[in-house]
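Please look at the protein shown here.

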Amino acid sequence: MRKKLVAGNWKMNLDWNEAMTLMAEVAKAMEGIDNGPDVALFPPFPYLRHFHEFLKDKGSAVEVGAQDCSAHKSGAYTGEISASMIKSLGAKYCIIGHSERRQYHRESSDVLASKVILALENGLTPIFCVGETLQEREDENQTFVIDQQMDGALFELSPEDFSKLIIAYEPVWAIGTGMTATSEQAQDMHEFIRALVQGKYGKAVADQCSILYGGSIKPDNAAKIFSQPDVDGGLIGGASLKVADFMEIVRAT
Ligand code: PEP
């Protein structure tokens, strides 16, 4: 049985007090949930350690993750934060290749491949994001683009390492736009991604690979998308900033 995960990507939002309040509210709301999906919060870097300690003190099942990591191990890289630092702060997961990183920081497949390797070497679970732009979908190139993104950054990994990561399919045109993929579009792409994994690593690895959907998931569309057989949960942006919405999405998973 594949793991289901709901991951809240807070991006560069919320000051310290707002973040503490929201995190504590999510932890409290999670106390009432039995047999739900795994849940993780991805706050800005400076909050990671405190979140981890607070959640462990409360005995909460909520985990924390980072929104990115450096492609370098250590050294003279001003402003960068390494995978080993993130691990030492208590994070379990690390998002890699989010479309905002690809777009605004021009992160190439080679850079992303290095990040994935460093995250894995440091015991973090990478959540590797792939997704096509609106133009690429209109040109019916979405499968080609996803194939390239997967092949360019992941397919040099050993089957053992690949088995440790999670994929997130996030069509760029659906992120923060309110335009969600239909459940059929999501299922088609998730099925395609699983077939790619199967082609490279075999059925056993493909069957256990969790593939999240991300892109304008809200309480009113979550259940339909999450009910698709190849959708194993979601990466949630905007809706993760409101406890009621986020918890409705968790309950729908
Ligand atoms: C995201 O940024 O990963 C995301 C899915 O954002 P939103 O839910 O706001 O579209």
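The questions and answers below set computed values against the definitions of the terms.

This is a predicted model, in which local features need pLDDT of at least 70, side-chain atom pairs count only at pLDDT 80 or more, and totals for chains, interfaces and linings use all residues. Residues are numbered from 1 along each chain as its sequence is written, and side-chain values use heavy atoms, with hydrogens and water left out.

Q: How many helices and strands does the protein have, and what makes a run count as one or the other?
A: The protein has twelve helices and eight strands. Both are DSSP runs numbered from the N terminus: helices are H or I runs of at least four residues, and strands are E runs of at least two.

Q: How do you know whether the radius of gyration of the protein agrees with that of a compact globule?
A: The radius is taken over C-alpha atoms, and the globule rule is 2.2 Å times the number of residues to the power 0.38. For 253 residues a compact globule would have a radius near 18 Å, and the protein has 17 Å, so the two agree. The C-alpha trace spans about 45 × 45 × 35 Å along its principal axes.

Q: Why is Glu132 called buried?
A: A residue is buried under 20% relative accessible area, exposed over 50%, and partly exposed in between, with a 1.4 Å probe and protein chains only. Glu132 has 0% relative accessibility and therefore counts as buried. Glu132 lies in the loop between strand S5 (125-130) and helix H6 (134-138). In the protein, buried residues make up 50% of the 253 residues.

Q: What makes the pairing of the Glu132 and Tyr169 side chains a polar contact?
A: A polar contact is a pair of N or O atoms within 3.5 Å; within protein, one must be able to donate a hydrogen and the other to accept it, and residues adjacent in sequence count only if both atoms are side-chain atoms. The side chains of Glu132 and Tyr169 make such a contact at 2.9 Å. The Glu132 side chain also makes a polar contact with the side chain of Trp173, at 2.9 Å.

Q: Which residues does Glu132 touch, not counting residues up to four places away in sequence?
A: Contact means heavy atoms within 4.5 Å. With those sequence neighbours left out, the residues touched by Glu132 include Arg137, Val145, Pro171 and Met189.

Q: Why is Gly36 called partly exposed?
A: Gly36 has 40% relative accessibility, which means that it counts as partly exposed. Gly36 is found in the loop between helix H1 (16-30) and strand S2 (38-42).

Q: Is Asn35 buried or exposed, and how do you know?
A: The relative accessible area of Asn35 is 85%, so Asn35 is exposed. Asn35 lies in the loop between H1 and S2, and has a positive phi of about 55° although it is not a glycine.

Q: Why is Ser216 called buried?
A: Ser216 has a relative accessible area of 9%, and is therefore buried. Ser216 is found in the loop between strand S7 (211-214) and helix H11 (219-226). A polar atom of the Ser216 side chain lies 2.7 Å from the backbone oxygen of Ala174.
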